[in-house]
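This report goes through one protein chain part by part. Please look at the sequence and the structure before reading on.

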Amino acid sequence: MLKKIEVQDVRLGMHLHAMCGAWLEHPFWKTKFVLRDPEDLRKLRASTVREVWIDVSKGLDVPEPPGVAPRRDARAAAPAPSVPAREAEPAAAAPAADTLAGELQRATALVNQSRQALSSMFAEARMGNALDTEKCLPLVDEIASSVWRNPGAFVSLARLKTHDDYTYMHSMAVCALMIALGRQLGLDESQAREIGLAGMLHDMGKAAMPLEVLNKPGKLTDAEYEIMKGHPRAGADLLAEGKAVGAITLDVCLHHHERPDGNGYPDRLSGDALTRVARMGAVCDVYDAITSNRPYKSGWDPAESIAKMASWQGQFDADIFQAFVKSLGIYPIGSLVRMRSGKLGVVVEQGERSLVAPKVKLFFSTRSNMPIAVELVDLAAPGCHDAIAGRESNAQWKFPHLDELWAGPEVLRRVGRG
């Protein structure tokens, strides 16, 4: 049963179910947990949240005043509002996933839900209607929770795009990448939510671009590219008109194509004029763009993309890029790698202790040039004598089933790729 109480009445041992107030001002990643840490209680009381819902079936109830026996008379004063959980708030989130496979199962439904919501928002913007960006807030919250449970799952799923849903899936992917990067940089929960929202809305200006340019199946001409370079300013104008987003979201939308060396657009910012969040947006935007399949080119392998980005002098903030690599791994999920043993494998999960020792599914021998029985190897496990020798490009090998190896056929089917 749920009760709505004032923050001053919250005590350790209560199960927080939901918080009332502005979404971005919630002091925790999630609300559905038992409050046990005195520091969490301090953070809650110091926040702008004034009321919360508690679940008395999962934690402590509000104590009766000293010396007052409970009244059983039907005419007694009513207690704090209490309703069945199913009538007040959505069901509690699933338990935290321990593995990539577990979180992939949860993330597939969220990917589809986010795709639909963003498709609707872009359509509304294209028709000239005011943007209702508040619809994005629960989605960003769920994506943040997914990233917190397993950073690789949602990020990897959002990379699986088709031409028709590229813009929407790209927005989702940048949202998740921004949250994962913010987590690596030590941002607090409210800051991570805000940069996640900025990532989700960073490309809204594409709704103002001519469809024949936006959806062109081939490479853009110089003139068409100049048109597309107008999308950051168009997006910032759209968001400013809605008056429902903060300065950080506007900044990322307007400046995610700027570069520290001053060769970006639209304002050619450099040095201290380029904010940290804009630098974060630039890294996340480019990574997802170059790893995604487009009508005129196949996406680069994730590990290949990391290596190429590292070689582009002046395009990215060095410290932020380093943190970005740590958030994904040197060999991100889905990377094709060659082992010292001569076998080829796909990275399926990051290692907990080393960026160069992930879990890999081996499936091919370069010595026999033949497939082998699929074998899952944890390169960080004691006694493992194999190791990654280098990256491989699937542009050369053209294996058709790499995504199935790390995601599984059921997940691919549920996100429309099976």
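Which side chain meets that of Arg-193 in a salt bridge? The side chain of Asp-141 does, at 3.3 Å from N to O. A salt bridge here is a side-chain nitrogen of Lys or Arg within 4 Å of a carboxyl oxygen of Asp or Glu.

## Basis of the model

This is a predicted model, in which local features need pLDDT of at least 70 and side-chain atom pairs count only at pLDDT 80 or more, while totals for chains, interfaces and linings use all residues. Residues are numbered from 1 along each chain as its sequence is written, and side-chain values use heavy atoms, with hydrogens and water left out.

## Salt bridges

The structure holds 17 salt bridges. In the pair named above, Arg-193 lies in helix 7 (residues 189–201) and Asp-141 in helix 4 (residues 136–149), so parts that are 52 residues apart in sequence are tied together. Helices (H or I, at least four residues) and strands (E, at least two) are DSSP runs, numbered from the N terminus. Both Arg-193 and Asp-141 are buried. Buried means under 20% relative accessible area, exposed means over 50%, and partly exposed is in between, with a 1.4 Å probe and protein chains only.

Asp-288 forms another salt bridge, with Lys-161, and the closest N and O atoms are 2.8 Å apart. Asp-288 lies in helix 12 and Lys-161 in the loop between helix 5 (151–158) and helix 6, so this pair ties together parts that are 127 residues apart in sequence. Asp-288 and Lys-161 are buried. A further salt bridge joins the side chains of Glu-51 and Lys-4 at 3.6 Å, N to O. This pair links distant parts of the chain, with Glu-51 in strand 4 (residues 51–55) and Lys-4 in strand 1 (residues 2–6), 47 residues apart. Glu-51 is partly exposed, with a relative accessible area of 32%, and Lys-4 is partly exposed as well, at 31%.

Five strands form an open sheet in the order 9-8-7-6-10, with antiparallel pairing. Strand 9 (370–378) and strand 10 (388–391) are the edge strands, each pairing on one side only. Two strands count as paired if DSSP finds at least two bridges between them. On average, neighbouring strands of this sheet are turned by 30 degrees against each other, direction ignored. Such axes are lines fitted to C-alpha atoms, for helices over the stretch in contact, and angles run from 0 to 180 degrees between N-to-C directions.

Strand 6 (residues 336–339) pairs with strand 7 over three bridges in the antiparallel sense, and Leu-336 stands opposite Val-346 in strand 7. The hairpin of strand 6 and strand 7 has three residues between the strands, and Gly-342 there takes a positive phi near 90 degrees. Strand 7 (residues 343–349) is largely enclosed by the rest of the structure, because six of its seven residues are buried. Strand 7 also pairs with strand 8 in the antiparallel sense, over six bridges, where Leu-344 has Phe-364 in strand 8 as its bridge partner. Strand 8 (residues 359–365) pairs in turn with strand 9, again antiparallel and over six bridges; Leu-362 stands opposite Glu-375 in strand 9.

## Nonpolar cores

A nonpolar core is a set of buried Ala, Val, Leu, Ile, Met, Phe, Trp, Tyr and Cys residues joined through side-chain atoms within 4.5 Å. The largest one has 79 residues, of which Ile-143, Phe-154 and Phe-324 touch the most other members. Helix 6 (residues 166–184) gives the largest share of this core, 12 residues. A second, separate core of 12 residues includes Met-14, Leu-35, Leu-41 and Val-49.

His-231 is in helix 10 (residues 231–242) and counts as buried, at 3% relative accessibility. The His-231 side chain reaches the backbone oxygen of Met-228 at 2.6 Å, a polar contact (a pair of N or O atoms within 3.5 Å; within protein, one must be able to donate a hydrogen and the other to accept it, and residues adjacent in sequence count only if both atoms are side-chain atoms).

In helix 13 (residues 302–311), the buried residues include Pro-302, Ile-306 and Met-309. At the start of helix 13, a side-chain oxygen of Asp-301 reaches to within 2.9 Å of the backbone nitrogen of Ala-303.
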